[in-house]
Amino acid sequence: MTPPIRRFDAIVVGAGGAGLRAALQLSEAGLKTAVVSKVFPTRSHTVAAQGGIGAALGNMGEDHWLWHMYDTVKGSDYLGDQDAIEFLCRTAPEVVIELEHYGLPFDRNDNGTVYQRPFGGHSANFGEKPVQRSCCAADRTGHAMLHTLYQRNVWAKTQFFTEWMALDLIRDPSGQVLGVIALEMETGEVSILHSRATIFATGGAGRIYASSTNAFINTGDGLGMAARAGIPLEDMEFWQFHPTGVAGAGVLITEGVRGEGGFLLNKNGERFMERYAPNMKDLASRDVVARAMATEIKEGRGCGEHGDYVLLKLDHLGEERIEKRLPGIREIAKKFANVDPVRDPIPVVPTAHYQMGGIPTNYHGEVVAPKGSNPEAPVPGFYAAGECACASVHGANRLGTNSLTDLVVFGREAANSVIEFLQENPGHKDLPGDAADRTLARLARLDGQKNGERVADVAAELRRTMQAHCGVFRFPDLLAAGVQKIKRVAERVARTEIKDKSKVFNTARVEALELDNLIEVATASMVSAAARQESRGAHDRSDFPKRDDVNWLKHTLYFKEQYRLEYKPVHLKPLSVEPFEPKARTY
């Protein structure tokens, strides 16, 4: 039976910052636009972004987009594409001012300009000294951004499919993307959403790890759909571990705490970052701080009964400043660490936070994949933005605040590319006769499976495997064993059974479908990490402790079929300036 068909000019999958910014651009252009979201838009994970959005406005002292570009290239450990990074940093001030005009309630200076705080890895004059570049709304910047963009979309009459889950891409024989198959979570009904162009803004996949700052909805749905549709995943070995997750809970403590003057201590009361990054100290790049913390713990200088965390001290900032600039952090510390940071330090540990890899795109938001002799051929009708995409502006390690910048810069740019594509390609292409067959077969297997394993048990094993074998530090024997383990987990995923076939919101069915996506991401990450024989950014191997620009200054492309890997060059040539040549990273 063919599911019902609904037609749109454009479909955006995901209602976080990138999805809402893209949808707004499309709706304001007069296009019939639909947004598909597993949760109500203002509950998307962008709501958890705390510290700010990076842009060289220069409100707190001299700044320049070229310095922002240098910091981003250096932060990426030189794996970022410099054309995309230039585009990001040059466009950042424009999109922030645009958000301000939309009504985002940024903190203000006395003269009325947007307040900016320091952040890790951000510097003036090419690394000379820290700079204040993070535009923030206290420590709830993502929350403010989501509400602002959602309100604008309501005004622009964007159509929302709330509590719907996209299941699979639809591609015709030529490879063009013609929309998605989607599940209405409340009823369990499946529909074909037929579109002239499709944008993925599905966010990250941090739930492949046992300890993560990510929400439970971050299951890599866009990446799973792309992999099943034959599109490669890029640089999936690079996972950022945020230095400061609440020990035992994983909840994020923003880098903005250190930007406001907080610092890290080991059990001896030593401010240890001065040894690892004598210039930037606690505001070094995230991978540097996370590795330093992991080293302190590994060498016996961790705190607590088991010596498994360090302390983040901010009581010296005073209650007034904490309440003004970091009210949400105080609330989180009380709830999840049982400490009031006005009086006591917060126990913190590096926690899985952000995927630098994703669906390969260029800086116009077009999804690209090898085709014939062209290693970066655009996939017609398919675009991606935000954490699910790999432009690649983050390379091997994302600079703090660039995630929100990424969302609005590339959300808007992907939409502009769609508008141009639709002008050149009027009308809907015919759907293939078997458009929904594979998806319906997958649902039938899940519903009909007997004597299979519980979804929760297999998902827990997936997360344990990733945590143990592909964490902050990576070891050759653990990676090799991890590849075999994750392949066995994949076999178990295919045998999972939905034990509770409740028809109300189909919770068990949705979790099983999410597991289908998680295993694609986990396998891509483990296989890619085992193959990369160097240490670069967030990828740190004990057997190859140094960065190897001769052999490994290249992007990984993972293909689902037979766990195949290919590689493509890094774009070292910017759009209009001289390239930043790879050199040793010191902070």
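1. Rings of Phe, Tyr and Trp (its six-membered ring) pair if their centres lie within 6.5 Å; planes under 30 degrees apart count as stacked, over 60 as edge-to-face and the rest as tilted. By this rule the structure has 16 aromatic pairs. One of them joins tryptophan 67 and phenylalanine 126, edge-to-face, with 6.5 Å from centre to centre and 75° between the planes.

2. This is a predicted model, in which local features need pLDDT of at least 70 and side-chain atom pairs count only at pLDDT 80 or more, while totals for chains, interfaces and linings use all residues. Residues are numbered from 1 along each chain as its sequence is written, and side-chain values use heavy atoms, with hydrogens and water left out.

3. Helices (H or I, at least four residues) and strands (E, at least two) are DSSP runs, numbered from the N terminus.

4. Buried means under 20% relative accessible area, exposed over 50%, and partly exposed in between (1.4 Å probe, protein chains only). Tryptophan 67 counts as buried because its relative accessibility is 11%. Phenylalanine 126, at 35%, is partly exposed.

5. Phenylalanine 200 and phenylalanine 382 have ring centres 5.0 Å apart and planes at 90°, so this pair is edge-to-face. Phenylalanine 200 lies in strand E9 (residues 190-200) and phenylalanine 382 in strand E17 (residues 374-384), so the pair ties together parts 182 residues apart in sequence. Both phenylalanine 200 and phenylalanine 382 are buried.

6. One aromatic cluster is made up of Trp67, Tyr70, Phe126 and Phe580.

7. A charge sits over a ring if NZ of Lys or CZ of Arg is within 6 Å of the ring centre and within 35 degrees of the ring normal. Lysine 74 has its charged end over the ring of tyrosine 587, 4.2 Å from the centre. Arginine 152 lies over the face of tryptophan 155, 5.3 Å from the ring centre.

8. Two strands pair if DSSP finds at least two bridges between them. Three strands form an open sheet in the order E10-E21-E22, with antiparallel pairing. Strand E10 (233-234) and strand E22 (564-569) are the edge strands, each pairing on one side only. E10 and strand E21 (residues 554-559) are joined by two bridges, and glutamate 234 has leucine 557 in E21 as its bridge partner.
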